[in-house]
Amino acid sequence: MECQEEKPIIYTMENKPIVTCAGDQGLFTSLYTSLAQQLPREPMEWRRTYGRAPKMIHLEANFVQFKEELLPKDGNKALLTFPFLHIYWTDCCDTEAYKSTVKEDMMRWQSSLRTHGSADWVIIVVCGAVGSSEGLVQVSGILELLAAQTANPPPHVLHKEPGRFEDDMRTLREKRTQPGWSFCEYFMVQEELAFVFEMLQQFEDALVQYDELDALFTQYVLNFGAGDLKFGICLCFYPQIRRTGWARSAPVNNWSGLLLRRPIDMEKRDGIQRGEASLLDLRSYLFSRQCTLLIFLLRPWEVTQRALELLHNCVQELRLLEVSVVEGALDCWVFLSCLEVLHRIEGCCDQAQLAANCSHTVGLWAYATDKVTNHTESSEVPGELCGLVSEKGPTSEDLNRTVDLLAGLGDERPETVSSLQSPYKKLKEALSSVEAFERHYLELSHAAMEMYRAISRLRSARLVGKSLAEFYMKKGDPEKAEAFLQEALKSYVSEGWSLPVTHTRKQIAECQKLLGRTEDYLQTSALLAGDANLTMEERKHFCQEILTFAGKSEDQCNHSQHGCFSQLTRLQFQPATASVHSGAVLQVEINLRCLMPVSVHIQQLAASIHFDLERAGTNGRSKGAARQTIPGTVEFSHDTLSAGPSSSSGGPPLELEEIQDRSPTDNSLNSTGVVCKNTHLVMRLPESISTPDMPNCVSPPVVTLKEGAQMLKVQDVTLEPGNNSITFTAPSGQPGTYTLRQLFATVGQVQFVLPHIYPSVQYEVYSQEPQLTVEPLSEPLLAGLSQMVKFTLLTGHYTVKKGDALQLSNTDTMPILPSSSCSARISNPTGELVGESALSIQSSEKVTSISLPATPPYHTLEFQLEVLCLIPSGSDCPPNERLTNGEVRHRPRSYSHPDTPMTAIDQRMSIDCPWSIYSTLLALTFYIPFKTKHSLLSAGNRKYIQVCVQNMSDKNFTLAEVKLTEKQNASLELESLNTKTQQNCRSGFLCGLEVCITRLTEPAEGEIAEDSKTDTEGLKTTKLMYEVADSSSNWAVCGKSSGMVSMPMTADATHKVQIEVMPLFAGHLPFPKIKVLKYLPHTAAVAIQPDPDSCVENDSLSLLDKALDDGGDTASIRSRGSVHSVGSGDQQQRGGHAASGALQPGTSVQPHPHTAGPGAARHRRPHHGGQRYMTLVARARPLLIKLNPGPGLCRAFAPGQMGSVSPCRRCGSPAWTHPLA
């Protein structure tokens, strides 16, 4: 770094607007001092063209004496030399004196201005102190005289000339496609406008002019490189190009780098003006002007960004234009330019700013480092060309190249002569001495690495370190080189770049071999031997290195990572459950993918096992919980390494997109490239992650086997390239959990170790206690039926000997039924049948003994027994019993199960087993398939018991030989009213009820006279009303519940009515109550006598007086159905009826329910084994009504056939009574 006093001088532009002064020079001289001080303080409006907003600026003027030579002439494009304002100074206040002395000189001055087209002028009359009115009159007269003689609009200072100049410049730029157009001439014109903006301190506008020139020149270079020669005319500042017809550009003879310490490099500017500057000269001058303006704008960090782009673009443009450059010269130019930019930035920023913004400058440090030793774009760089990085030092030929490179640098510039650390001195010193070159190179490299680490760009720091490693390798220092190579390898591995990983590992292997690190070298060689990016010859070479060392007779065994030798892809247990009992055979088959290019003989392949006794399980009653499920097959995934970050590294894949640059004229392809769209995600990958396919090549930890550790071993195995299968026999002597930890492959003196097997692989060895289970053959178990239950004995570690027996305690509620043929089946752990033997069963009052056949350990013994669970009556209370183990037997209680509507009963049994001193208690759950309920009905002095049995199970039962008995009172006689032939209705569905009304007696004389009518056939009839009224809510009437019928007044006259009803409950339901009323005329007197004591219980028929229409309808449910009358040719009367009247009980009624159709559910219809007679009293005359439930269900009986006669309690008349169900 430079000393404080050696910092470069920052120059500023001294150009100021020129203002000419004519007239009285002495007067102007006396006013100059105050004028020069006051003028910059006053703001001035600058009106800009092309609709741009005006600005207020402050200016300093350069006052000069008026000379006609200063006026602009035609063709002069030097805008800075144009006077912007002309002033005529005078202090003449006398009119006569003005006419005689001042007027003539002033007119000559105006004539010269008009001749050269200068319209921006002003006349200033300076007057002293005017205290009298006469003096004011004189001054006013002079001003009026001047205004009359010099009629001119006010001057437009800085408005007119720059605008007109910019218009001319744009016109010139539009002609760039015409032959003869010169970019150099246009460059000077637009730069003149930039100078004006800079003079006005409008640095942003000035920078825009240079950016436009930069873009225009870049476009022409690209067009020329693409073969569009008509645009190459812009480069005609090369004399050689004019003569050779654009075949090749002028060679580069000077590579002194950028010059940023001057505001304007006049030497290069003159070369551009003459058309003799090289491409590097033009680019250097253009960037120096941009750098100066950016410094004025206080944007120094943009200078570093533009500088890095400039250096890369210049290298590509020289190649594109095929410019001849001395080998190594371009690298020297880039190196000097990088340091010049860094020194320029250091000159305008303090150390704190530099440290805080090192991210902007680190790119230049790294680029300068690459250009002296590790240039990636050419085969030779200055360090190599001059022999400064070899172990032997430079040769005579190298010295000649050094002289040529130093000659192209030229003499040191005056601005840096006094600087001890100037870029020129650094490069010249580095190329002149091996020690100086190494010192400067290391200084640059370490500075770049520190800056990269400071801004957390570890990957870039490691890339610089890799360049350092290559430098150390060339200098013969592999120890320092290996450390930097290992750091670079971490970045390549974590990001998944396979080719850089392979190349770096080859370099690491070379270092390790030179350093004699055998174990590390074998590890790296194994990785390279299995690397698919290498050729087969290279892979065989590294594999042979391993085999050669393995054949040496040495006491020490070298360990290497197994993953670089082969890959574990699959592991499978046999049996697949990965769980066996102690002493059983367990085989482990592993699949290895050998990565070596040739067959390798392995003396021993082993896997270490960790035994966990605490997790050992006795899979029996003592443990309770089931064994842990262990997968029998384990797959090990190894993702194939790709060119981008692999999925195993945990980072996102590269999202690449192709970009194309096409010509704007003919859409031809100029260039193409690939861009990563998610760089921000890829570049932030953690640096410490390494994929399984690319492990870090750091020295592996030494792995030693513990003494006495259990192992899976196999001897003398040959691994072929690709997939291989090896089978082990696993130890299973002691119960516990075995975990495979490490895998070892021994090849001579080399042992490849897989330190961790992941995912974890385990198998279990258990010691199982005997287990006895009892389960039904079919679900569910139903009480009251004999069913088979299955006894399963898992012998576990116990050996069932001949004579061993199971002792089952007998119970009254669940007896074991004897069987003449009962056999036991014996199967091995795999489920194969190995034997079958007959069982010997002996039963006593309390115990059933089952003799077991001899069974080996860990086998299964199965047999079946027939049991019967009695349905509990609920009333018996037997004395307490005791089981064979002495426990008090508790009578099973029934309970409701939430999963089924059936009632459940748990039956417990006690079994004494020969392998245990304790009894085994087992329980079977039985379900009662029926649900019963009963109700007590009364009819007269008779009682009827109705029993409903409901099947709650899924099985079909046939109910036969129904019998109901009474245990306490044997004298009670119960008679069954059930018939074998029955017709049924289905609960909840419609069925037909037929009501038959029959007149049993002839009408009396008075009855005929009172209410008889004659129908169309000449028969005497009377009106009757029927009504269905079910007060017990057992039936729902779905049609008409009442109606009117006309009954012939003859004995045995019958009328049938059909009504649709629906049974609401299952079982034997009583018929619905039916009322029959006789219609009385309105003239008849109704005598109703109270009936205090009905002769028939539960049948209260009342006499009602109702005014009814013949067609009236009082149906309770009108959803469907109808009521119609049939029989005896009688038709139901429709329309008209008596005005008033009453109804009285009358004729006999017989309900006949229709038969249910086929397929109906077996729900019982109302059924009565007898018949019912009742007497309804009307006018003291008995009227018998016969109710018949219909054919096939109940028989109709005539009076006197059965029953008894008793007087009516209300009227004393005889009445027939009969019990009702």
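Is Glu276 buried or exposed? I looked it up: Glu276 is exposed, with a relative accessible area of 51%. My cut-offs are under 20% relative accessible area for buried, over 50% for exposed and partly exposed in between, with a 1.4 Å probe and protein chains only.

Notes on the model. This is a predicted model, so I kept local features only at pLDDT of at least 70 and side-chain atom pairs only at pLDDT 80 or more, while totals for chains, interfaces and linings use all residues. Residues are numbered from 1 along each chain as its sequence is written, and side-chain values use heavy atoms, with hydrogens and water left out.

Entry: salt bridges. I took a salt bridge as a side-chain nitrogen of Lys or Arg within 4 Å of a carboxyl oxygen of Asp or Glu. Searching the whole structure gave me 34 of them. Glu276 has Arg274 as a partner, with 3.2 Å between the closest N and O atoms. Arg274 is exposed too, at a relative accessible area of 52%.

Next I checked Asp477 and Lys480, which form a salt bridge with the closest N and O atoms 3.9 Å apart. Asp477 is partly exposed at 23% relative accessibility, and Lys480 is partly exposed at 45%.

Then came Glu487 and Lys490, bridged at 3.4 Å between the closest N and O atoms. Why are Glu487 and Lys490 separated by about one helical turn? Because they sit three residues apart in helix 19 (residues 478-495). For helices I used DSSP runs of H or I, at least four residues, and for strands runs of E, at least two, numbered from the N terminus. Glu487 is partly exposed at 30% relative accessibility, as is Lys490 at 26%. I also noted a network: salt bridges with shared partners join Glu204, Asp211, Arg299, Glu302 and Arg306.

Entry: aromatic pairs. Rings of Phe, Tyr and Trp (its six-membered ring) pair if their centres lie within 6.5 Å; planes under 30 degrees apart are stacked, over 60 edge-to-face, the rest tilted. I got 24 pairs by this rule. Tyr88 and Trp109 make a tilted one, 5.4 Å centre to centre with 45° between the planes. Tyr88 is in strand 5 (residues 83-90) and Trp109 in helix 2 (residues 95-115), 21 residues apart. Both Tyr88 and Trp109 are buried.

Tyr738 and Tyr763 are stacked, at 4.9 Å centre to centre and 0° between the planes. This pair links strand 17 (residues 736-747) to strand 19 (residues 761-766), and both Tyr738 and Tyr763 are buried. Last, I found ring pairs linking Phe437, Tyr441, Phe471, Tyr472 and Phe484 into a cluster.
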